[in-house]
Amino acid sequence: MPELPEVELTRRNLARWIGGKKIADASLDRLVGERVRSVERRGKWLRLPLSSGAVLFSHLGMTGKWLERSRSDGPQRWERARIDVGRASVRFVDPRRFGRMILARDGKPPAAFAALGPDPLVDGLDARALHARLQRTKRSIKETLLDQTVLAGVGNIQAAEALWRARIDPRRRADRLDLAHVRKLVAGIFASIRFTLGSEDAPELVYVEEPGAPNPFKVYGKAETPCPRCRANIRRIVQAGRSTFFCPRCQIGP
Ligand SMILES: [Zn+2]
């Protein structure tokens, strides 16, 4: 499922393909004639300001992808939207249809976008501010990291990876982490994001849940395989209905 790194790589690709270009044709006809001023990202959202002042918001949902094709190419499998610029054409494909595309004529963001907390890459991430924010919840640190109003862009994969890097048990209560732990967590979040950006960079992204996709991660999806740090078996548990992967030996207990 796309999280901050996948959406950031999508942003870079889209900026290269359609950034600064004029839209010649589109499945949504109100886009025709607009120029894409830039391609921005916040959390798991893409934000494309247009020349008229309107803004196109795009969320990839669980399976959404933007692909570059040529204008003469027919519709792709699971294609939901199309934007043509010059000879190029970008297509939004989304087999599971949880992705969203919102054109805001007045530029006003959807509520979920407006409620986003700080984005680690866009805003930076201050350990003291995060520590203060974590004091306000009794949830586990893993569940709290998935809350987009606390931190924008971290999802199930990045949460598990960052907690492993910071050696923090995902079941530990968020308000029981001291500032030193939160500093390690912040470092873990950045390390995990950077690692994923480096390992998945491609014009066509492949998500780890797809059949046959490579799994570059340290613990995510690696239940019953040895921890890369201490060789204990990685465990899978379920928290708030989502799978969590962690090392029971080298991540400090709840
Ligand atoms: Zn371990």
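Author: Two strands are said to pair if DSSP finds at least two bridges between them. Helices (H or I, at least four residues) and strands (E, at least two) are DSSP runs, numbered from the N terminus. This is a predicted model, in which local features need pLDDT of at least 70 and side-chain atom pairs count only at pLDDT 80 or more, while totals for chains, interfaces and linings use all residues. Residues are numbered from 1 along each chain as its sequence is written, and side-chain values use heavy atoms, with hydrogens and water left out.

Reader: OK, which residue of β7 is the bridge partner of leucine 67?

Author: That is arginine 91; leucine 67 belongs to strand β5 (residues 65-70), which pairs with β7 in the antiparallel sense over six bridges.

Reader: And what about β6 and β7?

Author: Strand β6 (residues 79-85) also pairs with β7 in the antiparallel sense over six bridges, with glutamate 79 having valine 93 as its bridge partner. The two strands form a hairpin with two residues between them, and glycine 86 in the turn has a positive phi of about 50°.

Reader: How many residues of β7 are buried?

Author: Six of the six residues in β7 (residues 88-93) are buried, where buried means under 20% relative accessible area, exposed means over 50%, and partly exposed lies in between (1.4 Å probe, protein chains only). Ala88, Val90 and Phe92 point one way, Ser89, Arg91 and Val93 the other way, and all are buried. In a regular strand the side chains alternate between the two faces of the sheet.

Reader: Switching to the metal: which residues coordinate the zinc ion?

Author: Cys227, Cys230, Cys247 and Cys250 do so, each through its SG atom, at 2.2 to 2.4 Å; donors are N, O and S atoms within 2.8 Å of the metal (3.2 Å for Na, K and Ca), and water is not among the atoms, so sites may look incomplete. Along the chain, the donors follow the spacing C-x2-C-x16-C-x2-C.

Reader: What's the geometry there?

Author: The site is tetrahedral, with angles of 96 to 119° among the four donor atoms; four donors count as tetrahedral if all angles lie between 85 and 135 degrees. Ideal angles at a metal are 109.5 degrees for four tetrahedral donors.

Reader: Why does cysteine 250 count as buried?

Author: Because its relative accessibility is 11%; cysteine 227 counts as buried at 0%, and cysteine 247 is buried as well.

Reader: Now α6, is it enclosed or open?

Author: Helix α6 (residues 156-165) is largely enclosed by the rest of the structure, because nine of its ten residues are buried, including Ile157, Leu163 and Trp164. The buried residues of α6 pack against α1, α5, α7 (179-200) and β10 (242-246). Arginine 167, which follows α6, has a positive phi near 60°.

Methods. Four donors count as tetrahedral if all angles lie between 85 and 135 degrees; four count as square planar and six as octahedral if opposite donors are over 155 degrees apart and all others between 65 and 115; anything else is irregular. Contact means heavy atoms within 4.5 Å.
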